[in-house]
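Please open the model in the viewer and keep the selection panel at hand.

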Amino acid sequence: MSEFEKMMSGKEYNPTDEELRKKSSKAKNLIREYNNIPAENTNLRNEYLKKILGKCEKNVRINQPFFVDYGSNIEIGKNSIINMNCTFLDTNRIIIGENAVIAPDVKIYTAFHPIKVSERFKKGENGKEYLVTAALPVTIGDNVWIGGGTIILPGVKVGNNCVIGAGSVVTKSIPDNSVVFGNPCKVVRKNC
């Protein structure tokens, strides 16, 4: 099993693997170019999003700057808006539904590391130590509004028609039709 296959299946993997480094470097180079495209040049921006993202439906807008790890593990549904300074660390899939509104400074993380210090570093086949990493997908449903500065952690599923208050830290999955906020994020009421 390749390190990429391990990464995508949620198993521990070596992030210094040459194939992974090449994929990540390619994405980081493309996103740097994307971030330097004039804001009014929407045609070129859309062309770049098709190169960077795994799937990008029609009428998606991502304001610059935007940051990714691989880009190719991100899928964004139609009519979604992602505001400036968002970071999507897609070492596993990040799937965003239709009509999503994602405010500035939102961070979506899929990677995590062992809590026990003794398990955090291992030696690779080449004898060099690396940070042990695993990743779980993040899924965001349709018609979701995520407030500014929110952080969404690995493995979280956000249901359809949810609102996440600004500054929230989402550590657990959220059911459909919920209004949530806080650190850790909690359901405060239904969104009818």
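Two strands are said to pair if DSSP finds at least two bridges between them; helices (H or I, at least four residues) and strands (E, at least two) are DSSP runs, numbered from the N terminus. The model is predicted, so that local features need pLDDT of at least 70 and side-chain atom pairs count only at pLDDT 80 or more, while totals for chains, interfaces and linings use all residues. Residues are numbered from 1 along each chain as its sequence is written, and side-chain values use heavy atoms, with hydrogens and water left out.

Select β3 (residues 66-68) and β6 (residues 86-89). Three bridges join β3 to β6, and the two run parallel. Phenylalanine 67 has threonine 87 in β6 as its bridge partner.

**Second selection: the aromatic pair**

Rings of Phe, Tyr and Trp (its six-membered ring) pair if their centres lie within 6.5 Å; planes under 30 degrees apart count as stacked, over 60 as edge-to-face and the rest as tilted. The count by this rule is one aromatic pair. Select phenylalanine 66 and phenylalanine 88: their arrangement is edge-to-face, at 5.2 Å centre to centre with 85 degrees between the planes. The partners are 22 residues apart, in β3 and β6.

Phenylalanine 66 is buried at 0%, and phenylalanine 88 is buried at 0%.

**Third selection: the nonpolar core**

A nonpolar core is a set of buried Ala, Val, Leu, Ile, Met, Phe, Trp, Tyr and Cys residues joined through side-chain atoms within 4.5 Å. The largest has 37 residues, and those with the most contacts inside it include Tyr34, Phe66 and Phe88. Helix α2 (18-35) is one of the elements that give two or more residues to this core; α2 gives the most, with four. Apart from this core lies another of six residues, among them Met8 and Tyr70.

Finally, select the five strands of the open sheet, in the order β1-β4-β7-β14-β17, with parallel pairing. Because β1 (55-56) and β17 (157-158) each have a single partner strand, one side of each is left without a neighbour in the sheet. Three bridges join β4 (residues 74-76) to β7 (residues 94-96), where glutamate 75 stands opposite isoleucine 95.

Terms used:
Buried < 20%, exposed > 50% of the residue type's maximum accessible area, 1.4 Å probe, protein only.
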